[in-house]
Amino acid sequence: MADEFAARLTALTDLAHSVKEISYLCDHVGSGISEYTNIPSGAWPDVARNAQHAYESARTSLAEAVGGTGSGKGIGEVGHDIVERLAAVLGKYGDAERAAEIATFDVGKALHDSTAGRAAQTLIDDITHASQPSGHVDRDYPALGAPILNAAFGFRRNIGPLNTSLGRLKQGAPVLEAIRALDAPVGIRDAVRYSPLVEALRSSRGLLLRTAAGFGADLAIATIDASLVIPNEVAPHPFAVEQDRWRKIATATAGEGGLAGAAEGALRHYRKYWIGDASDAFARYVDSAFVQTVNRFGDLALEVSDLCGQIARAQERFMAEQTVIHITMIGALVFVPAFSPIGAAIASAVAAAFGGVEINKWHGMHDAMNGIADATRRVTEDAQALAASCRAMISGESSALSTSL
């Protein structure tokens, strides 16, 4: 009988530890998610402004769900209330030592030492680093400057990347692989400013303008390029970074081996020893109002991760295709005699074709980004519903947590 009683208290203690681990993680995510998942305005292509606004709404709603607001509790705060209730039950049954252990439980060490907690601890370390000054500097994405001027006058700098790409193409490499083969610098700031995709596009633009200048078509081509391409000339790297970060959030909370799974196991162990109407009601509350909410948060974080990946891939394709368009236009002009009526006529046709292709590409990119924006808005709606359910936990919390177990 004594052994069974001890097992009951151990099951209750283990559940308290598991819930406290989730609350600890939620505290860090709630306080650091704003900085950790920020994609500054300068990193977004102009065509994706709707997607940018939708992304900001989604991450704000998810931050409210996990961390709460001034008007309501989030997942972490509800978890702390559950832990306090479990500690009070231990005290009621005369186990003051276990109750004190819950209060002094070293969550950081427990996460580090457990398989389920390693993803959570890795995420916490990443969030902490992102919030530090040294981690924040590289998050300030710089403007890309004046690409046409850089390309037109920086000949020696621009010709190198393009020659490298063309050399890869001659070896039979796919276009995107050839562009990726350029040496990528280290660091987010450098990756944005000196992305191989950006450098290849600037180089091809410079060569196209210099080639077109002999035919008097450079102004028309530059105008089209400046209005449709340059505003969207940003590297995909920031979105790939956020794709990875949102995936880490999802994995730590609801992924296979995440903290929600560990809490479900602890809850099953609790139900094995705590039987009765009050205990069942409490267990249902912890499961439906807390654990499943954590799972839903993780699912939404994974959806945002996938959407960031879609933006990165769309931007990557757009940049690579623009370089190919430039090179194709160069090829259409290079064998035409310059400063001649025939050359001028052909150059006009090339400029018109260039404009048609660019308009078509812009519309394709615009439609793709708007589709991503619509999907992100649906995530926002789900996140707002999740935040509302967190607030609704409060109404069921008093009865579920105050009933004698």
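Which residue does the side chain of arginine 247 meet in a salt bridge? Please also set out what surrounds that pair.

Modeller: The model is a predicted one. In it, the side chain of arginine 247 meets that of aspartate 306 in a salt bridge, at 3.1 Å from N to O. Arginine 247 belongs to helix H14 and aspartate 306 to helix H16, so the bridge ties together parts that are 59 residues apart in sequence. Arginine 247 counts as partly exposed because its relative accessibility is 35%; aspartate 306, with a relative accessible area of 33%, is partly exposed as well.

Tryptophan 246 may be considered next. Leaving aside residues up to four places away in sequence, tryptophan 246 touches Ile33, Thr37, Tyr55, Arg59, Leu62, Ala301, Val304, Ser305 and Cys308. The largest nonpolar core has 82 residues, and Trp246 is one of the three that touch the most other members, together with Ile82 and Phe290. Helix H16, spanning residues 277–334, gives the most to this core, with 18 residues. Another core lies apart from it and comprises 17 residues, including Leu209 and Ile325.

Among the contacts of tryptophan 246 is Arg59, whose side chain meets glutamate 56 in a salt bridge of 3.0 Å, N to O. Both residues lie in helix H2, 3 residues apart, about one turn of the helix. Arginine 59 counts as buried because its relative accessibility is 9%, whereas glutamate 56, at 23%, counts as partly exposed.

In one of them, the ring centres of tryptophan 44 and phenylalanine 239 are 4.9 Å apart and the planes stand at 80°, so the pair is edge-to-face. This pair links distant parts of the chain, 195 residues apart: tryptophan 44 is in the loop between helix H1 (2–36) and helix H2 (49–67), and phenylalanine 239 is in helix H14 (residues 237–253). Both tryptophan 44 and phenylalanine 239 are buried.

To return to charged pairs, the model contains 10 salt bridges. Besides the bridge between arginine 247 and aspartate 306, there is a network of salt bridges that links Asp126, Asp244 and Lys248.

Methods: Residues are numbered from 1 along each chain as its sequence is written. This is a predicted model: local features need pLDDT of at least 70, side-chain atom pairs count only at pLDDT 80 or more; totals for chains, interfaces and linings use all residues. Side-chain values use heavy atoms; hydrogens and water are left out. A nonpolar core is a set of buried Ala, Val, Leu, Ile, Met, Phe, Trp, Tyr and Cys residues joined through side-chain atoms within 4.5 Å. Buried means under 20% relative accessible area, exposed over 50%, partly exposed in between (1.4 Å probe, protein chains only). Helices (H or I, at least four residues) and strands (E, at least two) are DSSP runs, numbered from the N terminus. Contact means heavy atoms within 4.5 Å. Rings of Phe, Tyr and Trp (its six-membered ring) pair if their centres lie within 6.5 Å; planes under 30 degrees apart count as stacked, over 60 as edge-to-face and the rest as tilted. A salt bridge is a side-chain nitrogen of Lys or Arg within 4 Å of a carboxyl oxygen of Asp or Glu.
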